[in-house]
Amino acid sequence: MKGKSLTLCFALLLVAMAAKAWTETPPTNDTTTCEWKQWYYKAPDFFCECTYNSRPFSFPLDTVISDTIWYTATINDVLQGISAYWFADCPVTIEVYILCVSQEPTVKITVGKNRMKEMDVTEIGRRLEEAGSNSFIQSLTPHIRVYPNGGTGRVYVYPYNQGPHSTCGDPLPLRPGMTYVCDQAENVYRMDPTDIPASGNAFILWKQDKNKPADIWLTLDSCNGKEAGRTVLSDSLHVYQPDADMLKAARAAKRELWMHVKHADGIVGRAIWYSNPKYTEEAPAINNSTCLGKKLTINQRDYTSDTTFNDTLRYATDTLQVQPVNLTFTQPNPEYDTVRVAPSELYRGYRHSSGVVLDAYGDTIVDVVKANSCTRRIQITILEPSGIEELSEGTRAYKTIQNGQLFIIIDDRKYNVLGQPNE
């Protein structure tokens, strides 16, 4: 009964809207014109352009625009998410309309000048669900409107987690603050001398969901020019700061700077160059210690030996923070073990209980290392079997068998048949 009531209310609403529409003067008596349809459906001003002037859309989109452009897409296109790059001195807006009669876009992204903005598949799906049921959405043909906010620029639109493949032969401009999706194993970006910070202060950030590393290096003048800095980044907490004097000199000499990003196949990361970073107040110092053999994890990095340094961390978007770190790994207390080994056994290689194999008499210092455990340091002394020392007068000696083994007991001390003490 409730469903029938809702249907009736909806039908009455359509009738009321139609009645109201006919009370106004139509733009023409020809019901086949777009203007008449726009008037009849109370559609927005862009209805006719959306309906009749849309061009086919497909990924990737790469075009120069100075005015509004409409595209006809598919739901499957929209459901792939969006990564939009914009190279211009003004913003650009990308809107997705489920219907040309829609007053508001289902998805709207505004990309600032010389920036990249993205929306993942989950967010796109959520917004489409808000627009209607899945069966309803799948039956529709969405339209995409792209328009600059005063100016001309170049726009790239890719599915989420994808971006243009920037190569030595066709490099993307390296703009400070722009995010570059690196889904190819190697990308190269070119920075004009005027974009190099006059202060020489900058840092490079690498972002990867699973902290997979990327090799990052800089060259001057060309893609294959002289190397001017290199690092490996994995976590998004640490950054790479190029040499400030090198950057200032490159800008003054009007030399191009090229940034290379290389990583393993099959992973996706994001590289960002920030110029003139800010600094927040110094973080509290870290003073930690543990035994040698264990590891200390500080700011997402592992350490296994004594070290003192200032860790530079990304605090916010373009802000860094310095944190003093002092780590100490205490040396193990020495242990001593003396064993007597027959020459024939030593010749074959004597395996000590520590796991080390020895083949000579004398002293050997061995570190027993196990994963994330305190290291044991043992001085092993290998002696030849000399038998039981001469018995002093009054010394009592007798034999005994314990657990199937023969031992000699002398003054309450136990020896095996080789004369080795048995503790």
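Guide: The account below begins with the model and then turns to the sheet. This is a predicted model, in which local features need pLDDT of at least 70, side-chain atom pairs count only at pLDDT 80 or more, and totals for chains, interfaces and linings use all residues. Residues are numbered from 1 along each chain as its sequence is written, and side-chain values use heavy atoms, with hydrogens and water left out.

The chain has eight helices and 31 strands; these are DSSP runs numbered from the N terminus, helices being H or I of at least four residues and strands E of at least two. Five of the strands form an open sheet of mixed pairing, in the order β10-β12-β16-β14-β15. Two strands are said to pair if DSSP finds at least two bridges between them. At the edges lie β10 (172–173) and β15 (226–233), each of which pairs on one side only. Within the sheet, β14 (residues 214–220) and β16 (residues 257–263) are antiparallel and joined over seven bridges. W217 stands opposite H260 in β16. Helix α7 (residues 244–252) packs on the sheet and touches β14, β15 and β16, a contact meaning heavy atoms within 4.5 Å. The direction of α7 makes about 40° with that of β14; axes are lines fitted to C-alpha atoms, for helices over the stretch in contact, and angles run from 0 to 180 degrees between N-to-C directions.

For the chain as a whole, 63% of the contacts between residues at least 6 apart in sequence join residues at least 24 apart.
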